[in-house]
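Please examine the sequence and the model before reading on.

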Amino acid sequence: MQRETNILNLESVDSTNTYAADHFDSLGDGVLVVAETQTSGHGRLGRKWHSPRGNIYASFVMKELFGEPFHATMVSSLAVLSVLNDLVPGHGAYIKWPNDIFIGDRKLSGVLCEGVLRAGTLAGIICGIGVNVNLPEEELNRIGQPATSLLAQTKCKINLKIFAEKLAVYLNWYYIIGINDRERLFSLWKRENRIIGRHVMLQPPNGAVYEALVRDISEDGKLQIEEANGTLHEFACGDVKLLPGQTGA
Ligand code: BT5
């Protein structure tokens, strides 16, 4: 199956995810909405996404539903990594479960996939992707959490148009893989994670805090952890911090 890559370029919006959700019915399947800046970019749980000019803010429209909602996050993260492989040799980026891309212990990119409902049923998924591309150090310091950009890593500016074009191609690529072969999508995604066998601090949305060993990630994207007393838990989402210097047996 072939898809035509389709990008809708906007200058400034509140949030590309909000724009794509509001225009969902008129946007085609596989369209990528890209904005130069966002006035109200958001992350999970209503958190703010710092969105000055110089970065990628994009939302991918998925109308064909397959697998679990988490498969949309897998499509998005793999697409970002593939663009990095093309444009930034030796970037060292990896997926940090569930929705981040990190370099070292700094966040480079975040993904936020949101469902679109029609008549009470899921009609599609909007995959929001933010990548810090040409963000200078001064701006990174304003984020409040350790963050990095490709400019900070390489001292080279990247052409955002080329980045967005490649992102649209790879998103469609992994979307098609997901539709045709979910297991392959999962195994491609899983191997880019560096969390299995690591000790982590995990905070699920219910406010609890666990220090535990990551045993595995299930095919629908759930993190499986084991506490020191042997208790096992499984979580679909949460915030994870890799604890330094410890690996599991
Ligand atoms: C995410 O949320 O990481 C998902 C971010 C998705 C942003 C894209 S941009 C295009 C589309 N339109 C939107 O409105 N959203 C999507 P979460 O895991 O909740 O992380 C949010 C946290 O990341 C914040 O609380 C900050 O600590 C940090 N953060 C904010 N802006 C950042 C940035 N530019 N770079 C790195 N970290 C940032």
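Which polar side-chain atom lies 3.2 Å from an oxygen atom of the ligand? That atom belongs to Asn99.

## Basis of the model

The model is predicted; local features need pLDDT of at least 70 and side-chain atom pairs count only at pLDDT 80 or more, while totals for chains, interfaces and linings use all residues. Residues are numbered from 1 along each chain as its sequence is written, and side-chain values use heavy atoms, with hydrogens and water left out.

## Ligand contacts

A backbone N or O atom of His42 is 2.8 Å from a ligand nitrogen atom, and a polar backbone atom of Arg44 lies 2.9 Å from a ligand oxygen atom. Taken alone, the ligand exposes 800 Å², of which the protein buries 94%; these areas come from the Shrake-Rupley method with a 1.4 Å probe.

The shell around the ligand holds 26 residues, and Ser15, His42, Arg47, Lys107 and Asn132 come nearest. By class, the shell has 7 nonpolar, 14 polar and 5 charged residues, with Gly counted as polar and Cys, Pro and Tyr among the nonpolar residues. Strand 6 (106–118) provides the largest share of the shell, 4 residues. Helix 1 (16–22) and strand 7 (121–131) also give two or more residues each. Helices (H or I, at least four residues) and strands (E, at least two) are DSSP runs numbered from the N terminus.

## The largest pocket

The ligand sits in the largest pocket, meaning that more than half of its atoms lie within 2 Å of the pocket's grid points. On a 1 Å grid over the protein atoms alone, a pocket is an open set of points where a 1.4 Å probe fits, with protein on both sides within 12 Å along at least five of seven lines; lining residues have an atom within 4 Å of a point.

The largest pocket has a volume of about 1,100 Å³, the space filled by probe spheres set on the points. Its lining comprises 43 residues, with Asp100, Phe102, Lys107, Gln145 and Asp239 nearest the centre.

## The second largest pocket

The second largest pocket has a volume of about 530 Å³. Among its 27 lining residues, Arg44, Phe70, Pro98, Ala236 and Cys237 are closest to the centre. Strand 6 gives the most to this lining, with 5 residues.

Terms used:
Near = heavy atom within 4 Å. Polar contact = N/O pair within 3.5 Å; in protein donor to acceptor, adjacent residues only side chain to side chain.
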